[in-house]
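Subject: A structure for you to explore

Hi there,

Here is the structure I promised to pass on. Please open it first and have a look around, then read my notes below.

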Amino acid sequence: MTDAARPVEQSVPAAAPASLRRIMVPIVVFAGLAIAPWIAQFGTESFILSLLTRVMVLGLAALSLDLLIGYAGLVSFGQAAFIGIGAYAVGILASHGINGIALQTAAALAASAIFAAITGAISLRTRGVYFIMITLAFGQMLFFLATSLAAYGGDDGMTLPSRSLFLGYDLLDSDRALYYVAFVTLGLVYLACRMLVASRFGRVLRGARQNPVRMQAIGFSPYRYQLVLYIIAGMIAALAGVLLANTSEFVSPATMSWQRSGDLIFMVVLGGMGSLHGAILGAIVFLLAEEVLAGFTEHWHIIFGPLLILCVLYIRGGITPLIERTRP
Amino acid sequence: MNETRSAPMTARMTGPLLVLDHLAKNYGALKVTDDVSLTVGATELHAIIGPNGAGKTTLIHQISGLAQPDSGRILFAGEDITPLTMAERAAEGLARSFQITSILPDFSVLENVALAVQGRSGSSFRFVRNASREEALNAPARVILNQFDLLPRADVPAGLLSYGEKRQLELAIALATRPRLLLLDEPLAGTSHEESARIIATLKGLKGTLGILLIEHDMDAVFQLADRISVLVYGRIIATGSADEVRNNPEVRSAYLGEEAA
Ligand SMILES: Nc1ncnc2c1ncn2[C@@H]1O[C@H](COP(=O)(O)OP(=O)(O)OP(=O)(O)O)[C@@H](O)[C@H]1O
Ligand SMILES: [Mg+2]
């Protein structure tokens, strides 16, 4: 079960320079995920595949949150709402017989962009704890809206009639195919985000995180850049929602619970903020640890919570910088 | 010795670059800016001196857009910029330095300046190309760093610079926005003798190419650099004129210079 995570710890080469070690982490993470299905066939394949697909999908959502937290200093406590929008786009359209993934994804992206534009325009006028609270409030608003959608299962949610169709074909019915769709999506979004944070746009945001007044004094209005980033991050999380609905073949308000938003923050902090692959690594460690602990006892939350807090306290800056700094 | 009589020729002919028109601001009962009117010509270096707490920094805050005046107007190149935000004013060509050093500590020295260049060169809604490799931004930044002898420190994180180096970076950032008016809040404070000399030399080099409003406690520097000097005491301008006029003004002597001598 720890196939994807194990190579990471062993991967630190003896005397690699810092820059090499920095690209080693994402390379090892993605290489591990690429070969995991091959290893999975020696175990309970469908269980491992569905677990790791979920890991990558939530890793994608954590990645979107790292854009906000790690690069713009915006601690959003409502990122799961966008996963919900993506999942419900699939669920609602599917229940009306629209099964094409292209159309479902387009709807998810459009809806999440609109929701992000409206809620972001308001939330970004606040800072710090107020920003956390208001994003949480918008997330809860959407959660309760979903519970009230009686036609779409209300509290209980709804089972999808089938996974999404790709150009009319049921390609995604194969667990492996779905796994690799999630893998390729995560990889492409990761590369796009790498570019984004290094671009002019990303540099303005990174500057505004350090010193917004200085940025204004040289002619940048951080608000506009933060709003565009908030929309981009929301759309990425909605993409994760589309994949999550297909993974579980089930959509319910739980996809956008505030606990899920909190889990995403933990993944980002655990993996190391502001590195992008740290968020993915955080998702891997978080979800595998959850799985392992849940196997021991049903009261795994009692162990998991304090464990997470200890991790955050003792591995300052998260797992990724820890690996990058390690000198064997 | 009042504002209109001592306005320089350039200002009278082309209109001044900056006009403060009866600016006023209170912090509670404190009149921090009390009916301040002054002008800065397009190529003038206008210094403001005054004791601690006179309201000099607050005045710069209002001109740059960091604070709003309660009443009065700020005209920049003939346009009323009072309703504009700080970022909009910067985009018009109004740059400032901060009395309390304000840099981007995690960015390299080069990146601090390149980002200021970026602010004035095209859209920053560009999402693909690596900004730190854009020569169009780095080359002008290196020229400015060289001017401050900071080029050897280009790749150092700005937060690790010495205090004096940070003061110079502060100035370099302001200059990198290619301003028409530079607002400088005590650029010499806390710098070593050599660093002061270098900053003064840089300012002399700049003089005549843009408007500068300089706040400074170092009287030698002020008397060397300024075309005109205004004296601010308790939020009011009590005198404006040439170095000699200000030096010999009895009100100034008692209110300010006298205190220093004593
Ligand atoms: N935000 C604020 N709220 C309340 N009072 C303030 C505020 N900012 C400044 N003041 C007060 O206004 C007065 C002028 O402050 P300011 O910083 O403008 O003075 P200054 O002339 O720049 O002084 P210095 O030479 O020490 O830098 C001071 O008495 C200060 O305490
Ligand atoms: Mg001051």
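Let's start with chain B, which is divided into domain 1 (1-93 + 180-262) and domain 2 (103-178); these bounds come from an automatic or database domain assignment. Please keep in mind that this is a predicted model, in which local features need pLDDT of at least 70 and side-chain atom pairs count only at pLDDT 80 or more, while totals for chains, interfaces and linings use all residues. Residues are numbered from 1 along each chain as its sequence is written, chains are lettered from A and ligands numbered from 1 in the order in which they are written, and side-chain values use heavy atoms, with hydrogens and water left out.

**The two domains of chain B**

The C-alpha centres of domain 1 and domain 2 of chain B are 26 Å apart. Where they meet, 17 residues of domain 1 of chain B are in contact with 14 residues of domain 2 of chain B (contact means heavy atoms within 4.5 Å). The size of an interface is often given as the accessible area lost when the parts come together. Between these two domains of chain B, the buried area is about 1200 Å², with carbon and sulfur atoms giving 60% (buried area is the accessible area, with a 1.4 Å probe, that two parts lose on being put together, summed over both).

How many salt bridges does the rule find across this interface of domain 1 and domain 2 of chain B? There is one, taking a salt bridge as a side-chain nitrogen of Lys or Arg within 4 Å of a carboxyl oxygen of Asp or Glu. Asp149(B) forms a salt bridge with Arg198(B), and their closest N and O atoms are 3.2 Å apart. On the domain 1 side of chain B, the elements giving two or more residues are α3 (86-92), β7 (181-185) and α7 (193-206) of chain B (helices are DSSP runs of H or I with at least four residues, strands are runs of E with at least two, and both are numbered from the N terminus). The largest share of that side, five residues, comes from α7(B).

**Around ligand 1**

Ligand 1 is surrounded by 13 residues, and the closest are Gly53(B), Lys56(B), Thr57(B), Thr58(B) and Gln99(B) (a residue is near a molecule if one of its heavy atoms lies within 4 Å of it). A polar side-chain atom of Thr58(B) lies 2.6 Å from an oxygen atom of ligand 1. For Lys56(B), a backbone N or O atom is 2.8 Å from an oxygen atom of the ligand, and for Ala54(B) a backbone N or O atom is 3.2 Å from one.

**Where chain B meets chain A**

Here, 37 residues of chain B are in contact with 26 residues of chain A. The two chains bury about 2700 Å² between them, 60% of it on carbon and sulfur atoms. In chain B, Leu104(B), Phe125(B) and Phe127(B) lose the most area to chain A, together 22% of what that side buries. The rule finds four salt bridges across this interface. Glu170(B) and Arg214(A) form a salt bridge, with their closest N and O atoms 2.8 Å apart. α4(B) gives the largest share of the side of chain B that touches chain A, six residues.

**One last pair, in chain A**

Over all chains, the count comes to 16 salt bridges. Arg176(A) forms a salt bridge with Glu45(A), the closest N and O atoms being 3.1 Å apart. Arg176(A) lies in helix α7 (residues 175-198) of chain A and Glu45(A) in helix α3 (residues 45-72) of chain A, so this pair ties together parts that are 131 residues apart in sequence.

Enjoy exploring!

Terms used:
Polar contact = N/O pair within 3.5 Å; in protein donor to acceptor, adjacent residues only side chain to side chain.
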